Protein chains: 2
Amino acid sequence: MQPWKERDLEEFRAFLAVPEPVLVATHVDPDGDALGSQGAVTLWLRRRGIPAEAFLEAHPPRRFAYLPHVSDLKVYARSEAVPPAFSGGAVPRFSRAIFVDAASFDRVGRVAELLADGAAVVNIDHHVTNTRYGHLNFVNPESSSSAEVVYDLIRSLGEEIDEDVAVSLYTGYLTDTGGFRFRNTSAKVFRDVSELIARGVSPADVAEFALDTLTLPHLRLLRLALGTLRMHADGLVATLTVTQAILREADAAYEDAEGLVGYARAIEGVEVGILFRETAEGAIRVSLRSRRNVDVSRIAARFGGGGHARAAGATLAPPLAQAEANVLAAVEEALRELRRDPTAGGVYGS
Amino acid sequence: MQPWKERDLEEFRAFLAVPEPVLVATHVDPDGDALGSQGAVTLWLRRRGIPAEAFLEAHPPRRFAYLPHVSDLKVYARSEAVPPAFSGGAVPRFSRAIFVDAASFDRVGRVAELLADGAAVVNIDHHVTNTRYGHLNFVNPESSSSAEVVYDLIRSLGEEIDEDVAVSLYTGYLTDTGGFRFRNTSAKVFRDVSELIARGVSPADVAEFALDTLTLPHLRLLRLALGTLRMHADGLVATLTVTQAILREADAAYEDAEGLVGYARAIEGVEVGILFRETAEGAIRVSLRSRRNVDVSRIAARFGGGGHARAAGATLAPPLAQAEANVLAAVEEALRELRRDPTAGGVYGS
């Protein structure tokens, strides 16, 4: 079950036996799993009597303000010569750190500057691309989330968690499984989550903040993007387009379009949903989502992109109309191939 | 844990010992829990050697076509003098039935006509309003879903389930907890679901069909409804309006507006989301959703409606503008009251 060597666990126990400050870092532009795992580690360390400080390069998204560690999360601000949090004093230096949900050392951004030379780093993660940069590495790509890795590790040590740690971990499981809807949602995920709920977590409250909060720019963008909805290939393909003009009209940022492709794919009968986004530089970013039979990573690869069988993307040169036509032609070709040979390239094909 | 008398379980065992046909019915306009629970009971009975027939008054929504029992579900069509399924032969009569997720006897609609006089009815449900109309009643308002009641009952008998029954039950748990986001999502729900997943259910596949499938009329309606979005009370209230003209423009049915109120409530900072819908008869149907502090059932009650603290509704007389103004005034009054006395009427008030 737990994929780590007893020797690594012993070393981690030794790390925990020292009551000296630990920096707890996670990746820049943190999502729910990054913040939840960071919070869980920070609060758990403190309960064990270890001074732990959670740092980020910028303020976390407001919807995660309910996470118990966010109230004293320290911001080591990006692109500031003197970090504002420390303009009045010396920048602290840590000789020990735990990085969570960071696939490589540089994913924590400028927060890495807070480490003293030769600092010991424990690396806790679930990304298959993790570079094992830590002095100790607890990396399990089989896990749904870094929160699951953290929880397994705490249990491996035979230790308990409190409600605040449970809320933090629950946030990671919930968001990295897309609300228990992604393919990484295992029986173990539900067993673990059941234990977290029993610690006093309110699934309704966490979901409401972490998943069900929308911003006005996102909704304005959704309205305008739905106006660009087009169906192709007898309803098997749906496309949405977000241009810079639409972003301006919605007073929205490029990132606000994240997730819109899901609406295209969710339409009854649609096999492939596509979102075309015009970047500030005029390039065309294409997001592809398939429902069942089409391997969209192959289509993305034809345009120099990549991804998974059901979610992939690529960046094309302008003009927009040409990029749209080229991608649509490739998707329709893949659908035709599938009709000729239903076992070819199918995710469930064999 | 299981709230039933041993004597009722004994009677149910006796019911199951008879290898005669059983009608399995659920409520009209079935949702995921109705269909999932119906499927679970039907398939489980058949595996035990009991001929079971699942009936509905009309075809189920297409998105539930993946449910294993739907392929031989019988439709006893509404508003047909001679039910089409039986135009060539006699209408069957059942002397035994199991009703699931039906709060009262008449909720199964015309399917009740298929019962012989004096037929034995087993009533399995989780609605607090259940009228205990059965000869045997397994009703547990503490349960998240009728699927949970069915699963508890099967386990109370010491019996096993197969993957098809698990998929059916999972559908009920998933949909009646709003994708594990409603307040009925307990630690037990997650424990049960973990067992179902271990039987081979794919949470991603079920969620994709049962929850994440949208129709074109719904998306067209969403686009037009978002065009009516208005913020009030310094961003604490958001309203959406769906008129008959909008429904015509979207080529959508009144039911397609179901769920739109969620977009209003989900906006960051919003405390109360309101959807105004004009019915075909010109009345104004108001749906109220609150996030945390406002008890919207009190507001609905002022207009002759009702519901729960966080989800309530009422029907007002036209004109639309007057109905909107009256409801908004009541909501703003409730918000002002709350500001004066944060403990008054608050869901989390005490």
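Colleague: What distance separates the centres of domain 1 of chain A and domain 2 of chain A?

Modeller: Bear in mind that this is a predicted model. Chain A is divided into domain 1, residues 6-210, and domain 2, residues 216-340. Taken over C-alpha atoms, the centres of these two domains of chain A are separated by 33 Å.

Colleague: What rotation superposes chain B on chain A?

Modeller: The superposition gives an RMSD of 0.0 Å, with a shift of 0.0 Å along the axis. The two copies are thus related as by a two-fold rotation axis. The same surface serves both copies, as 100% of the contact residues of chain B recur in chain A. The rotation that superposes chain B on chain A is 180°.

Colleague: Which residues have the most contacts inside the largest nonpolar core?

Modeller: In soluble globular proteins, nonpolar side chains tend to be buried together. The largest nonpolar core here has 106 residues. A second, separate core has 48 residues, including A:Ala238 and B:Val261. In the largest core, the residues with the most contacts are A:Phe12 and B:Phe12.

Colleague: Which are the edge strands of the six-stranded open sheet in chain A?

Modeller: The strands of this sheet in chain A follow the order S3-S2-S1-S4-S5-S6, and the pairing is parallel. S5(A), residues 115-125, pairs with S6(A) over four bridges, and A:Ile124 has A:Phe138 in S6(A) as its bridge partner. An edge strand pairs on one side only, and in this sheet of chain A those strands are S3 (74-75) and S6 (136-139).

Colleague: Is strand S10 of chain A mostly covered or mostly uncovered?

Modeller: S10(A) pairs with S9(A), residues 272-278, in the antiparallel sense over seven bridges. S10(A) is also joined by six bridges to S12(A), residues 311-316, again antiparallel. Five of the seven residues of S10(A), residues 284-290, are buried, so by the cut-off of under 20% relative accessible area the strand is mostly covered.

Colleague: Which residue takes a positive phi in the hairpin of S9(A) and S10(A)?

Modeller: Within this pair of strands, A:Val272 has A:Ser290 in S10(A) as its bridge partner. The hairpin has five residues between the strands. The residue with a positive phi, near 95°, is A:Gly282.

Colleague: Which elements do the buried residues of H6(B) pack against?

Modeller: H6(B) is mostly covered, with seven of its eight residues buried. Among the buried ones are B:Pro203, B:Val206 and B:Glu208. They pack against elements of both chains: H5 and H9 (261-266) of chain A, and H4 (163-176) and H5 (187-198) of chain B.

Colleague: How far apart are the closest N and O atoms of A:Arg336 and A:Glu333?

Modeller: A:Arg336 and A:Glu333 are three residues apart in H11 (residues 320-340) of chain A, so about one helical turn separates them. A:Arg336 is partly exposed at 39% relative accessibility, and A:Glu333 is partly exposed at 26%. A:Glu333 also meets A:Arg340 in a salt bridge of 3.8 Å, N to O. For A:Arg336 and A:Glu333, the closest N and O atoms are 3.0 Å apart.

Colleague: How many salt bridges does a search of the whole structure find?

Modeller: Some of the charged residues form a network of salt bridges, among them A:Glu148, A:Arg155 and A:Lys188. Over all chains, the search finds a total of 48.

Methods: Residues numbered from 1 in each chain as written. Chains lettered and ligands numbered in written order. Predicted model: local features only at pLDDT ≥ 70, side-chain atom pairs only at ≥ 80, totals over all residues. Heavy atoms only, no water. Core = buried A, V, L, I, M, F, W, Y, C linked by side-chain atoms within 4.5 Å. Buried < 20%, exposed > 50% of the residue type's maximum accessible area, 1.4 Å probe, protein only. Salt bridge = Lys/Arg side-chain N within 4 Å of Asp/Glu carboxyl O. Helix = DSSP H or I, 4+ residues; strand = E, 2+ residues; numbered from the N terminus. Pairing = 2+ DSSP bridges. Contact = heavy atoms within 4.5 Å. Domains from an automatic or database assignment. Least-squares fit on C-alpha atoms with pLDDT ≥ 70 in both.
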